[in-house]
Amino acid sequence: MGQLDSGNAAWILTSACLVFLMTPGVAFFYGGMVRAKAVLNMMMMEAAALSVTIIIWGLWGWSIAYAGHSIGGVFGDPATGFLLRDTMVAQDGVFTSASMNGNNYPASVDVGFQAAFAMITVALICGAIAERVKYSTWMIFVALWITFDYAPMAHMVWNGGLLSADGPISQAIGAAAHDFAGGTVVHINAAVAALIIVLIIGKRKGFGTEPMRPHNVPFVMLGAFLLWFGWFGFNAGSAFAANGTAGYAWVSTSLAAGAAMLAWGFTEKIRTGHYTAIGAASGIVAGLVAITPAADVVSPIWSIVLGAIAGIVTCLACSLKYKLGYDDSLDVVGVHGVGGLIGTVALGFFMQDTGLFCGGDWRQLVVQIVIALVAMAFSAVITTIIAFGLEKTVGWRVTQAQEIGGIDLADQGERAYDFAGTASSVIKEM
């Protein structure tokens, strides 16, 4: 073992907690956007993203992504680190980390940090399929998707695999692919998966013909603020050390989020005459998404430009679902898919020293486009197999009657708001 760097260890462990908080943040963000009859189900889906993912991660997910011997640059051997056996060790009856990583903090801290990334990625998907899918099917999907999609994608991008800076694609093009904190692994991956499931399961009853307004806008704003806070662990934590890169990632993340919120708001004002709270929350998230792959390599001015572009384009992209006829309930494709694609590809223009605008080299742009396309294709193929298999076996949808009556009552047997009980108590008091 190397010498423990307690500062790095403390920062990455704190970052793991911040990234963990992002999934409850998404629960509020999405929970406020759905109708009142579906808010508990949405929060339960986020809870499943936490609980199912951590079990799979401890069993074999960590090994597939990071610990196992690489198989074809696509995934790691799931047996090598099964049940974290090469990561944890018992000393005098107490479990501790078996090794230090390159930044001299325990490998066990990495397990937690990367588990939180897996949680938030799958958590993003359920926003697209809100108000109409079985909780039991969702839990099965989480287990399968983390195993066959997320963990291999993390391996390909962040563990020297096919899409990494040292991988065969980068070597063939002559430029190092860059994805600092998850433009491909998290956002493009989740959004493509969300779109595939939406196309398989179909639209909600009444989509496009009746209003489906958010039931609790303050929840949405709370969720956006929690996500911004958690994103400091997401991006600054991806420096894997308490250093200047982490500090700059904090700054660039906030610059992009602020620019995107303002740009979305101005776009909305021109289109509708209002600066909406839903728009502000969505703009914040769009900026956070776009800066994720680039937070360490774009200058302050390009961080602002990137955020502004993301705010405008994602605002416009969210209306495409009505024109194209796919029911992405909470705009996962419009915000995370388009935002992640913008951030990943824009690196080819804005990346310091090697980008087309900042270094005059076209190869960085080419490699960013290629890794984005490969990530999209991989996610689409794997998710299609999993989602279609579930559709033909256990089924995705609740019944139409259950959907109309409210999936909270059908699947959880509860209501978020006991309006009848409140009314009765008031009458008794009178």
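## A first look at Glu-403

Is Glu-403 buried or exposed? With a relative accessibility of 6%, Glu-403 counts as buried, because the cut-off for buried is under 20% relative accessible area. Keep in mind as you read that this is a predicted model.

Glu-403 also has a partner. Its side chain meets that of Arg-397 in a salt bridge, with 2.9 Å from N to O. Arg-397 is partly exposed, as its relative accessible area is 24%.

## Salt bridges and a network

Side chains of opposite charge can pair when their charged atoms come close. How many salt bridges does the structure hold? There are 8 of them.

Let's follow Arg-204. One of its salt bridges is with Glu-131, at 3.2 Å from N to O. Arg-204 sits in the loop between α6 (183-201) and α7 (217-235), while Glu-131 sits in the loop between α3 and α4, so this pair ties together parts that are 73 residues apart in sequence. Arg-204 counts as buried at 7% relative accessibility, and Glu-131 counts as buried at 6%.

Arg-204 also meets the side chain of Asp-327 in a salt bridge, here at 2.8 Å from N to O. This pair links distant parts of the chain, since Asp-327 belongs to the loop between α11 (320-324) and α12, 123 residues apart from Arg-204. Arg-204 and Asp-327 are both buried.

Now back to Arg-397 and Glu-403, whose side chains meet in a salt bridge. Elsewhere, salt bridges that share partners join Arg-35, Glu-131, Arg-132, Arg-204, Glu-210 and Asp-327 into one network.

## The nonpolar core

Now look for the nonpolar side chains inside the model. The largest nonpolar core has 120 residues, and the ones with the most contacts inside it are Trp-57, Ile-125, Ile-129, Trp-138 and Phe-141. Helix α4 (residues 135-158) gives the largest share of this core, with 13 residues.

Apart from its neighbours within four places in sequence, Phe-141 is in contact with Val-122, Ile-125, Ile-197, Thr-383, Ile-386, Leu-390 and Trp-396.

## Helix α3

Which helix runs through residues 107-125? This is helix α3, with 19 residues. At 1.5 Å a residue, helix α3 should span 27 Å, and its end C-alpha atoms are 28 Å apart, which agrees. Of its 19 residues, 17 are buried, so α3 is largely enclosed by the rest of the structure.

Val-52 is part of helix α2 (residues 39-67). With 16% relative accessibility, Val-52 counts as buried. Beyond its neighbours within four places in sequence, Val-52 is in contact with Met-139, Val-142 and Ala-143. Val-52 and Leu-144 are 92 residues apart in sequence, yet in space their C-alpha atoms are 10.0 Å apart.

Leu-59 is in helix α2 too. Leu-59 counts as partly exposed, at 23% relative accessibility. Leaving out neighbours within four places in sequence, its contacts are Gly-81, Phe-82 and Leu-83. Leu-59 and Arg-85 are 26 residues apart along the chain, with 9.6 Å between their C-alpha atoms.

Most residues other than glycine have a negative phi. Which phi does Leu-84 have? Leu-84 is not a glycine, but its phi is positive, at about 60°. You can find Leu-84 in the loop between β2 (75-76) and β3 (88-91). Leu-84 is buried, with a relative accessible area of 15%.

Asp-353 has a positive phi of about 75°, and Asp-353 is not a glycine either. Look for Asp-353 in the loop between α12 (332-350) and α13 (356-359). Asp-353 is exposed, with a relative accessible area of 59%.

Which residues make a nonpolar surface patch of about 280 Å²? They are Ile-309, Ile-312, Val-313 and Leu-316. Ile-312 lies in helix α10, which covers residues 300-317. At 38% relative accessibility, Ile-312 counts as partly exposed.

Definitions and conventions. Residues are numbered from 1 along each chain as its sequence is written. This is a predicted model: local features need pLDDT of at least 70, side-chain atom pairs count only at pLDDT 80 or more; totals for chains, interfaces and linings use all residues. Side-chain values use heavy atoms; hydrogens and water are left out. Patches are made of residues with over 30% relative accessible area and no salt bridge: like charges are joined within 9 Å, nonpolar side chains (Val, Leu, Ile, Met, Phe, Trp, Tyr) within 5 Å. Accessible areas come from the Shrake-Rupley method with a 1.4 Å probe; for residues, only the protein chains shown count as cover. A salt bridge is a side-chain nitrogen of Lys or Arg within 4 Å of a carboxyl oxygen of Asp or Glu. Helices (H or I, at least four residues) and strands (E, at least two) are DSSP runs, numbered from the N terminus. Buried means under 20% relative accessible area, exposed over 50%, partly exposed in between (1.4 Å probe, protein chains only). A nonpolar core is a set of buried Ala, Val, Leu, Ile, Met, Phe, Trp, Tyr and Cys residues joined through side-chain atoms within 4.5 Å. Contact means heavy atoms within 4.5 Å. The expected span of a helix is 1.5 Å times one less than its number of residues.
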